[in-house]
Amino acid sequence: MDPVVGIFALLVAIGVFILIYGMQLKAKRDERRAGLYEKALDKGLDPREIKFDLDQKELGDPYGNLKAGVILLAVAVALIAGMWMAEHLRGAFRLLVFALVPAAIGLAVLFLHFTLPRKPPE
């Protein structure tokens with residue numbers, strides 16, 4: 001089998017797994033919310049007037065997209081720099097290319113740690 005086909009099949013399988021897992025998480029959350037609405041109806045309350053406070057961890061990270069974007073941007077810059085370095089460096093210095101992606105991820109995470117406020121906005 002061609003290695004490109006194998007890598008493509010692996011990436012598709014990983015994508016399908018993530019999609020199914022995300023759908024299961026959303027279904028569990030919706031099931032919990034439906035249970036809360038049922039309890040409210042059993043007690044004679046109007047569910048539209050009740051604001052259910054779900055766990056804070058279920059609401060997600062308000063900075064999640066920002067963090068993911070910064071990390072992906074750092075990886076992209078590291079890959080471009082690595083391709084340039086692989087072309088222009090000679091000898092043992094070419095091995096530095098392998099350290100660029102983990103270093104970029106680490107720098108991005110440190111940047112986010114020191115720039116984002118500790119308490120997320122409401």
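Q: Is tyrosine 21 buried, exposed or partly exposed?
A: This is a predicted model, and the values are computed from it. Tyrosine 21 has a relative accessible area of 45%. That value lies between the limits of 20% and 50%, so the residue counts as partly exposed.

Q: How is a pair of aromatic rings described?
A: Two quantities are used, the distance of the centres and the angle of the planes. In this model the count comes to 1 aromatic pair. Phenylalanine 17 and tyrosine 21 form the pair, with 6.2 Å centre to centre and 10° between the planes. The pair is stacked, because planes under 30 degrees apart count as such.

Q: How far apart in helix H1 are phenylalanine 17 and tyrosine 21?
A: In an α-helix there are 3.6 residues a turn, so residues three or four places apart point the same way. Phenylalanine 17 and tyrosine 21 are 4 residues apart in helix H1, which spans residues 3–42, so about one helical turn separates them. As for the surface, phenylalanine 17 is exposed, with a relative accessible area of 57%.

Q: How does the span of H4 agree with its number of residues?
A: The check uses 1.5 Å a residue. H4 has 19 residues and should therefore span 27 Å, and its end C-alpha atoms are 27 Å apart. H3, with 25 residues, reaches 36 Å from its first C-alpha to its last, close to the 36 Å expected.

Q: Which residues of H4 are buried, and what do they pack against?
A: Ala104, Ala108 and Leu112 are buried in H4, and the buried residues of H4 pack against H3. In H3 the buried residues are Val70, Ala74, Val75, Ala78, Gly82 and Met85. What covers these residues of H3 includes H4.

Q: What is alanine 108 in contact with, beyond its neighbours within four places in sequence?
A: Alanine 108 lies in helix H4 and is in contact with Val70, Ile71 and Ala74. Alanine 108 and isoleucine 71 are 37 residues apart in sequence, and their C-alpha atoms are 5.6 Å apart in space. Alanine 108 has a relative accessible area of 6%, so this residue is buried.

Q: Which residues make up the largest nonpolar core?
A: There are 8 residues in this core: Tyr63, Val70, Ala74, Ala78, Ala104, Ala108, Leu112 and Leu116.

How values were computed:
Residues are numbered from 1 along each chain as its sequence is written. This is a predicted model: local features need pLDDT of at least 70, side-chain atom pairs count only at pLDDT 80 or more; totals for chains, interfaces and linings use all residues. Side-chain values use heavy atoms; hydrogens and water are left out. A nonpolar core is a set of buried Ala, Val, Leu, Ile, Met, Phe, Trp, Tyr and Cys residues joined through side-chain atoms within 4.5 Å. Buried means under 20% relative accessible area, exposed over 50%, partly exposed in between (1.4 Å probe, protein chains only). Contact means heavy atoms within 4.5 Å. Helices (H or I, at least four residues) and strands (E, at least two) are DSSP runs, numbered from the N terminus. Rings of Phe, Tyr and Trp (its six-membered ring) pair if their centres lie within 6.5 Å; planes under 30 degrees apart count as stacked, over 60 as edge-to-face and the rest as tilted. The expected span of a helix is 1.5 Å times one less than its number of residues.
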